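Please look over the sequence and the structure below before reading on. The briefing after them is arranged by topic.

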Amino acid sequence: MPVEITWWGHATCTVEDSDVRVLTDPLFARRLAHLRRRRGALPPPAARRADVVLVSHLHADHLHVPSLAGLAPGTRLLVPRGAPRAIPGLRRLPHLKVGEMAPGEETTVGPLTVRAVSARHDGRRLPLGPHRSPALGYVVEGEARTYFAGDTGLFDSMAAEVGPVDVALLPVGGWGPHLGEGHLDAGRAAQALARLAPRSAVPVHYGTYWPIGMDAVRPHEFHAPGEEFVRLAAEHAPGVAVHRLGHGESVRLEVAR
């Protein structure tokens with residue numbers, strides 16, 4: 001059975017595996033504080049349909065309470081452990097079934113197994129939140145093993161913690177002209193790809209949001225990461241099929257076990 005990946009922009013993807021819809025870090029906003037959506041139409045209402053939603057960390061462009069509020073009643077929502085305590089808005093979403101995860105923990109969603117893995121990223125609710133919740137990645141295992149990295153830097157134990165995967169959804173950029181510690185740019189993402197050695201990869205977390213009034217500041221960092229990742233992945237991990245999607249585009253991947 002094929003697995004289908006749809007990229008809606010930023011870190012928001014739908015993974016369809018074994019007739020289960022998994023939605024990652026939903027962000028359905030034209031504007032978020034000082035950020036404006038510069039590329040790609042807002043996802044259609046159908047993008048909000050999911051059986052389970054994975055939130056990687058507490059930053060507002062990944063845990064966006066208004067976007068979560070628009071999910072259908074009964075949707076499962078998996079968040080880093082401690083998130084409801086740190087984000088009062090989560091406690092005002094009683095229509096969702098909220099579960100908390102920490103690295104190494106697993107849960108099942110129908111025929112899928114979802115495992116939380118470590119990420120190297122500041123997981124606080126910025127700018128002033130305390131360190132209460134870990135930043136996470138997730139491995140979703142059904143017909144395929146799909147790794148959603150969330151937001152992370154490169155770290156030595158990444159491949160060992162994630163394990164063998166068929167598909168990797170890797171961040172390759174950001175929403176501003178400078179990437180700080182705890183992020184992957186196109187080059188570091190290509191190095192991560194070489195370590196993980198999946199069959200396929202989809203670059204995410206680039207080319208969607210940008211600070212208002214900064215369109216002319218290092219525009220290369222907005223437009224180029226996806227193409228750079230394709231080029232560098234071919235050098236570092238030539239055996240991996242890289243699918244650079246446009247906003248709202250999908251790819252169907254046949255997985256042979």
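Predicted model: local features only at pLDDT ≥ 70, side-chain atom pairs only at ≥ 80, totals over all residues.

Residues are numbered from 1 along each chain as its sequence is written, and side-chain values use heavy atoms, with hydrogens and water left out. Helices (H or I, at least four residues) and strands (E, at least two) are DSSP runs, numbered from the N terminus.

- An open sheet of seven strands runs in the order β9-β10-β11-β12-β13-β14-β16, with mixed pairing; two strands pair if DSSP finds at least two bridges between them.
- At its edges are β9 (106-109) and β16 (241-242), each of which pairs on one side only.
- β16 is joined to β14 (residues 200-204) by two bridges in the parallel sense, and Ser200 stands opposite Ala241 in β16.
- Helix α4 (residues 186-196) packs on the sheet and touches β12 (145-148), β13 (167-171), β14 and β16; contact means heavy atoms within 4.5 Å.
- The direction of α4 makes about 160 degrees with that of β13. Axes are lines fitted to C-alpha atoms, for helices over the stretch in contact, and angles run from 0 to 180 degrees between N-to-C directions.

**Aromatic pairs**

- There are two aromatic pairs in the structure. Rings of Phe, Tyr and Trp (its six-membered ring) pair if their centres lie within 6.5 Å; planes under 30 degrees apart count as stacked, over 60 as edge-to-face and the rest as tilted.
- Trp7 and Tyr206 are stacked, at 5.2 Å centre to centre with 10 degrees between the planes.
- Because Trp7 belongs to strand β1 (residues 3-9) and Tyr206 to the loop between β14 and β15 (209-211), this pair ties together parts that are 199 residues apart in sequence.
- Trp7 is buried at 1% relative accessibility, and Tyr206 is buried at 3%. Buried means under 20% relative accessible area, exposed over 50% and partly exposed in between (1.4 Å probe, protein chains only).
- Trp210 and Phe222 form an edge-to-face pair, since their ring centres are 5.5 Å apart and their planes stand at 75 degrees.
- Strand β15 holds Trp210 and helix α5 (residues 220-223) holds Phe222, so the pair ties together parts that are 12 residues apart in sequence.
- Trp210 is buried at 0%, as is Phe222 at 2%.

**Charges over rings**

- Arg38 lies over the face of Phe222, 4.6 Å from the ring centre. A charge sits over a ring if NZ of Lys or CZ of Arg is within 6 Å of the ring centre and within 35 degrees of the ring normal.
- The charged end of Arg120 is placed over the ring of Phe155, at 4.1 Å from its centre.

**Nonpolar cores**

- The largest nonpolar core contains 54 residues, and Tyr138, Tyr147 and Phe229 have the most contacts inside it. Such a core is a set of buried Ala, Val, Leu, Ile, Met, Phe, Trp, Tyr and Cys residues joined through side-chain atoms within 4.5 Å.
- Helix α4 gives the most to this core, with six residues.
- A second, separate core of 19 residues includes Trp8, Ala50, Ala83 and Leu93.

**Positive phi**

- Most residues other than glycine have a negative phi.
- Asp19, in the loop between β2 (12-17) and β3 (20-24), has a positive phi of about 65 degrees and is exposed at 72%.
- Arg218, in the loop between β15 and α5, has a positive phi near 45 degrees and is partly exposed at 42%.
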